[in-house]
Amino acid sequence: MSKLLTIWNYIRRHKYMITVLIFIVVIGFLDENSLIQRVKHRSEISALNSEIEKYRKQYEEDTEKLKELTTNPEALEKIAREKYLMKKPDEDIFVFEE
């Protein structure tokens, strides 16, 4: 009984400190919006932002290529010859592979 009484006295004397510690544990680790989850979400957001930037650059490059293909017939002919192996009727094609 004396141990229980000493524990009760300790709790009564330090009730505010115990309450604050319980609050910190709940907010820091147990809550669904805990600090750990916030750090994970922040790293995920930065990864997604870098991916968005990568796709934005790719979009700009592809837009420039498309603009060049629609305005320059020589570029269109170059793509047709290199990528699709098209040729004029009197030409022979030699394909070199590495």
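Tutor: Let's take the helices one by one, then in pairs. This is a predicted model, where local features need pLDDT of at least 70, side-chain atom pairs count only at pLDDT 80 or more, and totals for chains, interfaces and linings use all residues. Residues are numbered from 1 along each chain as its sequence is written, and side-chain values use heavy atoms, leaving out hydrogens and water.

Student: What span does helix α1 reach from its first C-alpha to its last?

Tutor: Helices are DSSP runs (H or I, at least four residues), numbered from the N terminus. The expected span is 1.5 Å times one less than the number of residues. Helix α1 covers residues 2–13 and reaches 16 Å, close to the 16 Å expected.

Student: How many residues of α1 are buried?

Tutor: Buried means under 20% relative accessible area, with a 1.4 Å probe and protein chains only. In α1 the count is 0 among its 12 residues.

Student: What describes two packed helices?

Tutor: The angle between their axes and the distance between the axes. Axes are lines fitted to C-alpha atoms over the stretch in contact, and angles run from 0 to 180 degrees between N-to-C directions. Helices α1 and α2 (residues 15–30) pack at about 80 degrees, axes 4 Å apart. They are therefore roughly perpendicular (65 to 115 degrees).

Student: Which residues meet there?

Tutor: Contact means heavy atoms within 4.5 Å. Tyr10, Ile11, Arg12 and Arg13 of α1 meet Lys15, Met17 and Ile18 of α2.

Student: At what angle do α3 and α4 cross?

Tutor: Roughly 110 degrees, with the axes of α3 (residues 35–71) and α4 (residues 73–84) coming within 5 Å. So α3 and α4 are roughly perpendicular too. Glu68, Leu69 and Thr71 of α3 make this contact with Pro73, Ala75, Leu76 and Ile79 of α4.

Definitions and conventions:
Helices (H or I, at least four residues) and strands (E, at least two) are DSSP runs, numbered from the N terminus. Buried means under 20% relative accessible area, exposed over 50%, partly exposed in between (1.4 Å probe, protein chains only). Angles under 35 degrees count as roughly parallel, over 145 as roughly antiparallel, 65 to 115 as roughly perpendicular and the rest as oblique.
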